[in-house]
Amino acid sequence: MSAQHNKTSVAAISIFASGGMAAAKFVVGIAIGSLALISEALHSSVDLIATIITWAVVRVSDKPADHEHHYGHGKLESISALGVTALLYVLAGGILVEAYSRLREGTPPPTISAVPFVVLVIDIVVNLWRARALHKAARETRSQALAADALHFASDVMGSFAVIAGLILAALGFWWGDAAAAAAVAVMIAALGLRMAGSTVQTLVDRAPEGAQDKATAAIRGVPGVIDVERLRLRMVGATTFIDTIAKVPRTYPIDRVEDIKRNAQIAVSKAFGDADLTFTAVPVARDNETVRDRIMVIARNSGLAIHHVTVHDLGAKLIVGIDLEVDGEMPLDRAHDVANTLERNIQEDFGADVEVDVHIEPLEPELPFGVDASPERVQAIAAALSEYATDGEIHDIHNVRVRDTDAGEIVNFHCRATPSMSVIKVHEQVDAIERALRRAFPSVKRVISHAEPPRA
């Protein structure tokens with residue numbers, strides 16, 4: 001059963017229960033002349049009105065957000081609870097006035113019989129069942145309207161006990177017992193209204209639930225990649241917790257990595273709160289362990305430039321940076337030089353004017369042209385040549401050789417294995433030597449792409 005169906009079903013059942021018990025108490029109260037029983041019947045009548053309002057509201061409050069209600073319709077539950085609170089105060093005031101009048105004028109006590117006690121016992125049982133069912137549904141659906149309704153019926157139980165006490169006092173000869181019980185019912189109603197009003201007003205003014213901010217902050221801080229939470233705001237709208245946060249993330253992270261952090265943060269707050277809606281603003285910041293190379297890569301990325309082979313020499317009093325800058329191969333030299341100068345200025349603004357920046361401009365590698373697989377004989381010939389060039393034992397097992405014919409020339413891909421203890425630099429140098437030898441032997445080869453891996457375990 002869906003949460004929406006559960007909420008409306010419980011509210012609908014409560015309508016029939018409220019109506020039946022209110023009518024029974026009112027008829028018996030009139031028959032025996034008991035102000036306390038009539039007051040309790042009127043209280044149940046207000047509960048009936050409240051339940052009808054709740055039934056209508058929960059059918060609307062779970063509707064999704066639209067172009068006019070960006071945060072959904074959950075606040076309707078708080079507004080309905082506030083309206084019911086006003087009805088309770090009107091009822092409590094009327095009962096107190098009538099009770100005071102009877103106490104002052106000395107109205108005769110009600111006629112005592114077994115009937116009112118039977119009705120009140122049944123009322124207590126029904127109200128306990130309704131309060132339990134509504135409280136369970138309110139907890140499962142986080143519905144403020146159902147929670148207010150559950151509180152009504154729980155208070156009805158106390159009111160019924162007060163009426164029983166008043167009738168017993170009247171039966172024992174204390175004429176004021178019934179009026180005093182009615183006044184007690186009024187006080188209970190007023191106390192209930194005060195409690196409801198406080199909770200409802202706090203929700204309407206967007207007061208965050210106790211401990212919710214710390215809970216949300218801890219959930220977001222626990223997401224890998226989040227350095228810290230700079231600001232967090234939270235409010236409840238119906239059953240949904242809306243969270244607005246500004247979080248610090250490393251500025252070296254690419255956009256797709258930051259998007260992963262956002263998604264993981266949404267998952268984290270959903271686990272913590274259930275129905276949660278997170279607005280996540282990422283603020284890129286520099287980490288304490290950020291290297292000079294990291295900082296330079298960020299500067300280039302923010303300028304939309306492709307760089308590689310970044311070398312950094314720290315001479316103590318001076319920092320020397322070397323960069324390979326890739327630009328469109330068809331770009332005129334003067335424009336390319338301007339791009340390089342701009343990159344140099346941006347680096348100097350970040351590190352200081354005394355840093356020395358050397359930029360090597362080279363054409364951006366074009367996308368590989370469309371091609372077709374070469375013949376098996378051609379692949380076999382190139383594979384044999386590659387195996388011949390890998391003869392020192394450290395680079396060996398040439399495999400997975402592929403050759404494609406394109407308009408720009410042949411593109412060769414191959415895998416090889418290297419001694420595990422070799423450094424990456426040495427592997428790169430030896431594989432480069434093999435690639436150069438292949439291009440010398442096969443001038444039609446335009447590009448060679450290799451992949452070195454350790455031997456199989």
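L172 lies in the loop between α5 (144-171) and α6 (177-204); helices here are DSSP runs of H or I with at least four residues, strands are E runs of at least two, and both are numbered from the N terminus. L172 counts as exposed because its relative accessibility is 61%. The terms are set by relative accessible area: buried is under 20%, exposed is over 50%, and partly exposed is in between, with a 1.4 Å probe and protein chains only. The model is predicted, so local features need pLDDT of at least 70 and side-chain atom pairs count only at pLDDT 80 or more, while totals for chains, interfaces and linings use all residues. Residues are numbered from 1 along each chain as its sequence is written, and side-chain values use heavy atoms, leaving out hydrogens and water.

L172 belongs to a nonpolar surface patch together with L103, I168, F174, W175 and W176, and their accessible area together is about 560 Å². Patch members have over 30% relative accessible area and no salt bridge; nonpolar side chains (Val, Leu, Ile, Met, Phe, Trp, Tyr) are joined within 5 Å, and like charges within 9 Å. The areas come from the Shrake-Rupley method with a 1.4 Å probe, and for residues only the protein chains shown count as cover.

The unreviewed UniProt entry places the feature "transmembrane region" at residues 12-35, 41-58, 79-100, 112-129, 150-173 and 179-197. These positions use the numbering given here, feature names are shortened, and annotations may be inferred rather than shown by experiment. Residues 79-100 are 100% helix and 0% strand, with end C-alpha atoms 32 Å apart. V97 is found in helix α3 (residues 75-105) and is exposed, with a relative accessible area of 57%. Its C-alpha atom is separated by 8.8 Å from that of A183, 86 residues apart along the chain.

Further along, Y253 occupies the loop between β2 (240-250) and α8 (255-273). Y253 is buried, at a relative accessible area of 15%, and the charged end of R257 sits over its ring, 4.0 Å from the centre. K215 is placed likewise over the ring of F273, with its charged end 5.0 Å from the centre. The criterion is that NZ of Lys or CZ of Arg is within 6 Å of the ring centre and within 35 degrees of the ring normal.

Side chains of opposite charge can pair when their charged atoms come close. The structure holds 13 salt bridges, each a side-chain nitrogen of Lys or Arg within 4 Å of a carboxyl oxygen of Asp or Glu. D260 and R263 form one of them, at 2.1 Å from N to O; both lie in helix α8, 3 residues apart, about one turn of the helix. R231, R233 and D244 are linked in a network of salt bridges.

Which strands are tied together by R417 and D397? R417 forms a salt bridge with D397, with the closest N and O atoms 2.7 Å apart. R417 lies in strand β9 (residues 409-418) and D397 in strand β8, so the pair ties together parts that are 20 residues apart in sequence. R417 is buried, with a relative accessible area of 8%, whereas D397 counts as partly exposed at 37% relative accessibility. Phi of D397 is near 55°, a positive value in a residue other than glycine.
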